[in-house]
Amino acid sequence: MHIKIENLNKVYPNGYYAVKNLNLEIPNGMFGLLGPNGAGKSTLMRILVTLMKPSSGKVTFDGYDLSKNRREIRSMLGYLPQDFSFFSKLKTYEFLDYTARLAGMKNGSVRRNAVDQMLEEVGLFEARDRNANKLSGGMKRRLGIAQALINDPKIIIVDEPTTGLDPEERIRFRNLLSNISTRDVVIILSTHIVGDISSTCDNMALLNRGQLAFSGSPEQLVKQA
Ligand code: ADP
Ligand code: ADP
């Protein structure tokens with residue numbers, strides 16, 4: 001998977017350019033999108049997950065044009081938003097099983113296997129019978145990743161991945177993302193925390209006031225600073 005962004009602009013109705021003349025290529029692996037609050041990260045993420053149309057410019061996913069192939073692109077996406085909650089009263093296992101049903105896994109035994117394997121992978125198998133809403137913040141994040149992964153996406157977008165996590169959970173979550181990145185996927189981490197990116201990402205971009213301030217490896221950014 002390879003994402004190409006060309007001359008992208010997003011102007012809000014009040015005339016503000018939240019994304020301005022952005023050119024960026026995002027290759028396979030972990031990609032960090034770094035920027036302070038207001039830099040335009042959420043705006044760019046919303047455009048990439050097809051929740052919002054850009055004002056102008058072009059985005060392609062492996063050649064699929066975002067303005068023409070929304071349905072194909074949606075089927076390739078896994079999105080983990082910053083704020084999410086789970087249906088109350090569903091157990092961890094039931095929640096993921098439900099997601100798998102929505103993703104079209106009709107065969108019961110195939111689905112049960114997929115769900116158990118995924119719970120194992122994100123380290124929630126022991127918590128499978130606990131109420132999803134009562135899990136710790138870090139466990140919820142991991143359940144969110146499991147949910148995003150269950151339909152085998154090619155692009156995974158994670159918004160502010162470690163907000164509210166304690167240091168141990170933060171490391172655990174970063175490691176989980178690193179393990180996932182060995183697959184043939186693009187993982188985009190949108191964050192204002194340099195540490196989320198420097199320990200995990202091969203490539204990154206720095207946004208400032210909607211414009212590209214840097215792109216390259218996290219090491220190169222540190223050298224420049
Ligand atoms: P980030 O996610 O990096 O914090 P955002 O994409 O949320 O940045 O916002 C970028 C800029 O665009 C901010 O200055 C924000 O206030 C502005 N903005 C976001 N949404 C709107 C909107 N609907 N109308 C006007 N300005 C907006
Ligand atoms: P985030 O940066 O996490 O996306 P924000 O608090 O910046 O969250 O934005 C929350 C919502 O308010 C978004 O839908 C955004 O588009 C909108 N918004 C943000 N800034 C503005 C603004 N200056 N004018 C109008 N809407 C805005």
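Figure 1. Start here to get your bearings. You can look for eight helices and 10 strands in the chain. The radius of gyration is 18 Å, close to the 17 Å that the globule rule gives for 225 residues, so the chain is as compact as a globular protein of that length. Along the principal axes, the C-alpha atoms fill a box of roughly 50 × 40 × 35 Å.

**Figure 2. Inside the chain and across its contacts.** Of the 225 residues, 48% count as buried. Now consider the contacts in the chain with a separation of 6 or more: residues 24 or more positions apart account for 65% of them.

**Figure 3. The charged side chains.** The chain carries 30 positive side chains and 23 negative ones. The centres of these two sets lie 7 Å apart.

Figure 4. Is aspartate 97 buried or exposed? With a relative accessible area of 11%, aspartate 97 falls under the 20% cut-off, so it is buried. Leaving aside residues up to four places away in sequence, aspartate 97 touches Arg111 and Val115.

**Figure 5. A close-up of threonine 191.** Look for this residue in strand β8, made up of residues 186-191. Threonine 191 is buried, with a relative accessible area of 0%. Which residues does threonine 191 touch, not counting those up to four places away in sequence? They are Leu33, Leu34, Gly35, Lys41, Glu160, Pro161, Asp196 and Ile197.

**Figure 6. Threonine 191 and aspartate 116 in one view.** Here is a pair to compare in sequence and in space. Threonine 191 and aspartate 116 are 75 residues apart in sequence. In space, C-alpha to C-alpha, threonine 191 and aspartate 116 are 30 Å apart.

**Figure 7. The confidence of the prediction.** The chain averages a pLDDT of 91, and 99% of the residues score at least 70. Where pLDDT is low, the predicted coordinates should not be read in detail. For the complex, the predictor gives an ipTM of 0.72 and a pTM of 0.85.

Terms used: Residues are numbered from 1 along each chain as its sequence is written. Chains are lettered from A and ligands numbered from 1 in the order in which they are written. This is a predicted model: local features need pLDDT of at least 70, side-chain atom pairs count only at pLDDT 80 or more; totals for chains, interfaces and linings use all residues. Side-chain values use heavy atoms; hydrogens and water are left out. Helices (H or I, at least four residues) and strands (E, at least two) are DSSP runs, numbered from the N terminus. The radius of gyration is taken over C-alpha atoms; the globule rule is 2.2 Å times the number of residues to the power 0.38. Buried means under 20% relative accessible area, exposed over 50%, partly exposed in between (1.4 Å probe, protein chains only). Contact means heavy atoms within 4.5 Å. Lys and Arg count as positive and Asp and Glu as negative; His and the chain ends are not counted. The place of a charge is taken as NZ of Lys, CZ of Arg, CG of Asp or CD of Glu. pLDDT is the predictor's confidence in each residue, from 0 to 100.
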